Amino acid sequence: MLLFPQKYNNSLLNRVITFICFTIAVLILLFSFFAEITFWQEFESRFNFIAVDYLIYTYEVVNNINESYPLPLLITAMLIMASLVFLFFYKRQYFTYNFTGSTSFLQRCTVFFGLLFISITYAFFIDNSLAEKSENRYQNELSKSGIYSFFSAYKNNEINYEHFYKLIDNQEAFNIVRNDLHESNSHFLSKDFSISRKIEGADSYEKPNVIMITLESFSADFMKIFGSNQNLTPILDSLANRSILFTNMYATGTRTVRGMEALSLAVPPTPGNSIVRRKENNNLTTVGSIFSQKGYDTSFLYGGDGYFDNMNKYFGNNGYTIVDRKRNSFVEEDYQSPRIPIDEKNITFENAWGVCDENLYDQVIKQADQKFAVGKPFYDFVMNTSNHRPYTYPDGKINIPSGSGREGAVKYTDYAIGQFFKKIKNKPWYKNTIVVIVADHCASSAGKNDIDVQKYHIPAMVINVNNKEPFRIDKMCSQIDLYPTLFSLLGWTYNSNLYGKNVLSDTYTPRIYVSTYQKLGYMEGNKLVILGPQQKTETYLYDKVTNKQNPEILSEQYVKKAIANYQTAYYLFKNNGLKQRSIK
């Protein structure tokens, strides 16, 4: 209304717009009012990231609500109430005042900019946590506003583990985790609530370049070596037979940023969104920081614009040089590392997500050539995008038309990796370069509110390790174990703040972490614990053959072990225990 001409105040157009917008606003207020009551009854809290979650898992949530509540009756009741409010305003002639009133432009500016100033102040300077002044959680929650809490939860991307999940004493939790992480070649660097420790390696060690290619949405069952009969991945299947192959590795989550978290921080997932998207995620003890301490140049290379999902800010504030497809020149990002845009002239194909894999890998090769020329060892975290809807890729590369579906995208992903290896095999730096290929998460797994263990099984292989014949690692393990195992193969001594473990160790106990936004799973062997909001704990025996989770009572000590891993991971992140300065 700031710019709306006064002479049209009483026009049909203004009346229609006003009536519609007013009714919609009333419906939103009524809906949020009743939704907040229902939400409180279930979670004893104002809206939090679980409410945000409900917008993400639309299918599950809508069906759950439809089965739990008489939706037609409730919607009808809200429409009737909105109509009554509308009639009340209409009868009291509030609309008439609006349509016949005359307010000067200066007056409207005063109101508009006054409201804008208040909105900006709250959005950027009034943190929802300011309401948490009491030791009583209910008092803290009651002092908040529901809608404000909803947007605060979206902005902060997390669920408060200590409020909503089952807890044990912190000292007991850290004792359990430290005992689990202790190995004969390691010792802890402090006695407080910490997992910082020094890992002792071999007397002699290797120092190769490392390129990790992270495959978007790539399930293990796409590959022939894991049982597929579609012949979509002949290159990857061939590489698997010439690599150190993890046959039983599981992703920690269902989104790319969760895979990035696992592969860069080696920590269990915590409720809400990945640490990649959260506040205070700078200067962490990442895998990249371990490479940096060894004198490596570390880079994050992405085919799209790394502004998406906060990737550039996360990697850029943790020591990685950024190489990506810079598209939005108007967005100013705040991070410490340099950013190198992929040159327009080197792009032959791109879609909404970014450049094709071949163009991305050409950039990886270009960066490797430059670093080798100045004698700098390098570690690259490469994230591709081709295996993502709309599944488009350059024409004429494979025998499946571009855009026809996931199968074509998988086959093109495989083809591009083959082209990459053809180009690097004669490079002077390749002999001393390890290539790691691993998936970020499985396909068709995002949007699931329940944990389906087989939907976390991913391929992972380590190629071209000096003096190591190809072999298979069949032990069940997690994404977070990839780099501790690689560092062991290289014989490295290093300081670790990682939850990941060396899978090749005789003392390694096979276990995995799997999660959705809300639910957190921990499994050793076939014993599965799932932690959820409202301090819920579910225990099962998992049958891998049938992919069924059969309810079973598990020991209290085992449940405590599951709780301890997630509780301590949350504690360390919230209390800066994952920061580099925590390692001495």
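For the classification of lining residues, Ala, Val, Leu, Ile, Met, Phe, Trp, Tyr, Cys and Pro are taken as nonpolar, Asp, Glu, Lys and Arg as charged, and the others, Gly among them, as polar. The model is predicted, with local features requiring pLDDT of at least 70 and side-chain atom pairs counted only at pLDDT 80 or more, while totals for chains, interfaces and linings use all residues. Residues are numbered from 1 along each chain as its sequence is written, and side-chain values rest on heavy atoms, with hydrogens and water left out.

Three cavities of 30 Å³ or more are present in the structure. A cavity is a set of points, on a 1 Å grid over the protein atoms alone, where a 1.4 Å probe fits but cannot get out, and its lining residues have an atom within 4 Å of a point. Grid points are joined across faces, edges and corners, and the volume is the space filled by probe spheres set on the points. The volume of the largest cavity is about 80 Å³. Its lining comprises 12 residues, of which T254, R255, R258, G272 and Y517 are the closest to the centre. By class, three of the lining residues are nonpolar, seven polar and two charged.

Aromatic pairs (rings of Phe, Tyr and Trp, the last by its six-membered ring, with centres within 6.5 Å; stacked if the planes are under 30 degrees apart, edge-to-face if over 60, tilted for the rest) number 52 in the structure. The pair of F86 and Y90 counts as stacked because the ring centres lie 6.2 Å apart and the planes meet at 20 degrees. Both residues belong to helix α4 (residues 71-91), at a spacing of four residues, about one turn of the helix; helices (H or I, at least four residues) and strands (E, at least two) are DSSP runs numbered from the N terminus. Y90 has a relative accessibility of 45% and is therefore partly exposed (between buried, under 20%, and exposed, over 50%; 1.4 Å probe, protein chains only).

Charges also sit over rings (NZ of Lys or CZ of Arg within 6 Å of the ring centre and within 35 degrees of the ring normal). The charged end of R178 is placed over the ring of F188, 4.2 Å from its centre, and K527 lies over the face of Y558 at 4.5 Å from the ring centre.

Strand β16 (residues 527-532) pairs with strand β17 (residues 536-543) in the antiparallel sense through six bridges, pairing being assigned if DSSP finds at least two bridges between strands. I530 has E538 of β17 as its bridge partner. Three residues separate the two strands of this hairpin, and Q534 in the turn has a positive phi of about 65 degrees. β17 is also joined to strand β18 (residues 548-551) by four bridges, again antiparallel, with Y540 opposite P551 in β18.

Conventions:
On a 1 Å grid over the protein atoms alone, a cavity is a set of points where a 1.4 Å probe fits but cannot get out, and a pocket is an open set with protein on both sides within 12 Å along at least five of seven lines; lining residues have an atom within 4 Å of a point.
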